[in-house]
Amino acid sequence: MFQPDEDGIYAQIEASPARRIFAYVVQFGLGALLIYVTLALPPSLPWMVFMLSFGVMMLWQAERMRRATTVTLELTDTELRDSTGVVLARIDEIRSVERGTFAFKPSNGFSLVLHNKKPWAWLPGLWWRIGRRVGVGGVTNAYQSKFMAERISMMIKD
C-alpha cells in the first residue's frame, strides 16, 4: 500500500521547530536561573555546590538536546534508525506498538515493545531505549509520529 522513496525510506520523523526551541529555552533558562540565583544570593556551601552543579547540568542537557534534535528518524523495510545510522530497532525485533493515551511513551510519540532486551541509549527530545522498550517522540511532529507508528504496526502484522 505504501511505497518507499528512492532511498528505501517509508517514513521520517523530525523535530518540530517550535517544540525544539521551546524545550531548549526552558532547559537553558532553568540552568541560567539556577546559576544566577546561586551567585546572587549565595546559600550555604552544600546547597551552593548542588545548585551550581544542577545549573551546569541543565545547560549541558539543553545543548545536548539542541544537537540531538537535528537528527531525523527513518523507517525502512528492515529497521528503524536515525539519520546518523544508529539502529533503534529492527522490524523483526518489534513485538508491538503502543501509542494509546495511557501508554508509557514520550509526548507526541509512541513506544515499541521488543522481543529481546537491547542496550540502554538516549537521544534527548527524540528517542530512548531501555531494556525491551523504545520510546520515540518528545519534540517531534505528532502527525509524522502517528504515521510511522501506523506503518510499523502494519509491517509487524505481515
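Student: What makes β5 and β6 a pair?

Tutor: Two strands pair if DSSP finds at least two bridges between them, and β5 and β6 have four, in the antiparallel sense. So they meet the rule. One spot to look at is V97, which stands opposite L112 in β6. Keep in mind that this is a predicted model, where local features need pLDDT of at least 70, side-chain atom pairs count only at pLDDT 80 or more, and totals for chains, interfaces and linings use all residues. Residues are numbered from 1 along each chain as its sequence is written, and side-chain values use heavy atoms, with hydrogens and water left out.

Student: And what counts as a strand or a helix here?

Tutor: Both are DSSP runs, numbered from the N terminus: helices are H or I with at least four residues, strands are E with at least two.

Student: Which sheet do β5 and β6 belong to?

Tutor: An open, antiparallel one of three strands, in the order β5-β6-β7. β5 and β7 are at its edges with a single partner strand each, so one side of each has no neighbour in the sheet. Neighbouring strands here are turned by 70° against each other on average, direction ignored. The axes behind such angles are lines fitted to C-alpha atoms (for helices, over the stretch in contact), and angles run from 0 to 180 degrees between N-to-C directions.

Student: How do you know that β2 and β3 pair?

Tutor: Count the bridges: β2 (residues 73–75) and β3 (residues 79–82) share three, in the antiparallel sense. The rule asks for at least two, so they pair. E74 stands opposite R81 in β3.

Student: Why is E63–R67 called a salt bridge?

Tutor: The term needs a side-chain nitrogen of Lys or Arg within 4 Å of a carboxyl oxygen of Asp or Glu. For E63 and R67 the closest N and O atoms are 2.8 Å apart, so the pair qualifies. Both lie in helix α2, four residues apart, about one turn of the helix.

Student: How many salt bridges turn up in the whole structure?

Tutor: Nine. Another of them is R99 with E150, at 2.0 Å between the closest N and O atoms.

Student: What makes a group of residues a nonpolar core, and which one is the largest?

Tutor: It is a set of buried Ala, Val, Leu, Ile, Met, Phe, Trp, Tyr and Cys residues joined through side-chain atoms within 4.5 Å. The largest has 26 residues, and L75, F110, V136 and I152 have the most contacts inside it. Its largest share, five residues, comes from β6.

Methods:
Buried means under 20% relative accessible area, exposed over 50%, partly exposed in between (1.4 Å probe, protein chains only).
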